[in-house]
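Dear colleague,

Please find below the structure that I am handing over to you. A summary of the findings follows it.

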Amino acid sequence: MNVLITGGTRGLGKELVYKYAKEGYNVIFNYVNSSDRALEIEKDVKDKFGVKCTSYKCDISNEEDVLKMFDEVKKEFNSIDVLVNNAAISCDNELSKKSVSEFKKVIDVNLVGTFIISKYFSQIMNKGSIINIVSNDGIDTCYKEEMDYAASKAGVISLTKTFAKELAPNIRVNAVAPGWMDTDMSKKDIDESELELEKEIILLKRFAKLEEVANVVFFLSSDKASYINGETIKVDGGY
Ligand SMILES: NC(=O)c1ccc[n+]([C@@H]2O[C@H](COP(=O)([O-])OP(=O)(O)OC[C@H]3O[C@@H](n4cnc5c(N)ncnc54)[C@H](OP(=O)(O)O)[C@@H]3O)[C@@H](O)[C@H]2O)c1
């Protein structure tokens, strides 16, 4: 079984690389900047789990990059069984200060990138499952500074439903909507004291462990979720 995870060098994507490798999958992942880290992960995964693991420097919002990765993956792996659209960016800024280019960049990576990757890689999935990582922000629009991010994730929730229709009955498509997780993304635009205030809002009074989110992603891609399709499942501790 082969899985492609976008954005596998850090945070949830890296957790998913290890989760699927531990479960015996050959793992393909990509990244945009972290070349050294990607090579370390590749080697570590092969050594620890004895599966194939290949990484690609590929910006998901660049169709040429994606086509190049697609051709190489097709040659090396032939087909994939699971696709996890995980890579995303955020860029917090209030309405009057947010530039059009910032807004477009977030939409380009998170929404258009998910579309480009799915357009090509669904063509080498005979059966299986696509999981889109969205956010509770795309459902509840929690933070006004993340208007582009929330809009992109709401867009991906919509894509989840249309892809489910398009790719049925052989490929199921679902989304997982995490709340706060302790990753680079969550520390980027917010300071420590604000993060502590956020924890108070969460019913479980803590951020998700990455494995708690990865477990739900893995469940949705497994046969145990064989009748779940077109759904978005929040994993936010009750925000
Ligand atoms: N963190 C949270 O609290 C939180 C909450 C809700 C939802 N989420 C969602 O969960 C997912 C993972 O988030 P995270 O916090 O783990 O993110 P992260 O730590 O910032 O890691 C992002 C990953 O995506 C890659 N990436 C970024 N832009 C890319 C591009 N244009 N093309 C290819 N790869 C790209 C990065 O590669 P490089 O290392 O090369 O930069 C990195 O591997 C995202 O979809 C995010 O929206 C996160």
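**Ligand site and nonpolar cores**

The ligand is surrounded by 32 residues, counted when one of their heavy atoms lies within 4 Å of it; T9, N33, S34, Y149 and T183 are the closest. Please note that this is a predicted model, in which local features need pLDDT of at least 70 and side-chain atom pairs count only at pLDDT 80 or more, while totals for chains, interfaces and linings use all residues. Residues are numbered from 1 along each chain as its sequence is written, and side-chain values use heavy atoms, with hydrogens and water left out.

- a polar side-chain atom of Y149, at 2.5 Å;
- a polar side-chain atom of K153, at 2.9 Å;
- a polar backbone atom of M181, at 2.9 Å.

On its own the ligand has 910 Å² of accessible area (Shrake-Rupley method, 1.4 Å probe), and the protein covers 95% of this.

The largest nonpolar core comprises 33 residues. Such a core is a set of buried Ala, Val, Leu, Ile, Met, Phe, Trp, Tyr and Cys residues joined through side-chain atoms within 4.5 Å, where buried means under 20% relative accessible area (1.4 Å probe, protein chains only). Within this core, I5, Y20, V27, V84 and V176 have the most contacts, a contact being heavy atoms within 4.5 Å. Leaving aside residues up to four places away in sequence, Y20 touches V3, I5, Y25, V27, V82, V84, V217, F218 and S221. Another core, of 27 residues, lies apart from it and includes I28, C58, V66 and F77.

Yours sincerely

Definitions and conventions. Buried means under 20% relative accessible area, exposed over 50%, partly exposed in between (1.4 Å probe, protein chains only). A polar contact is a pair of N or O atoms within 3.5 Å; within protein, one must be able to donate a hydrogen and the other to accept it, and residues adjacent in sequence count only if both atoms are side-chain atoms.
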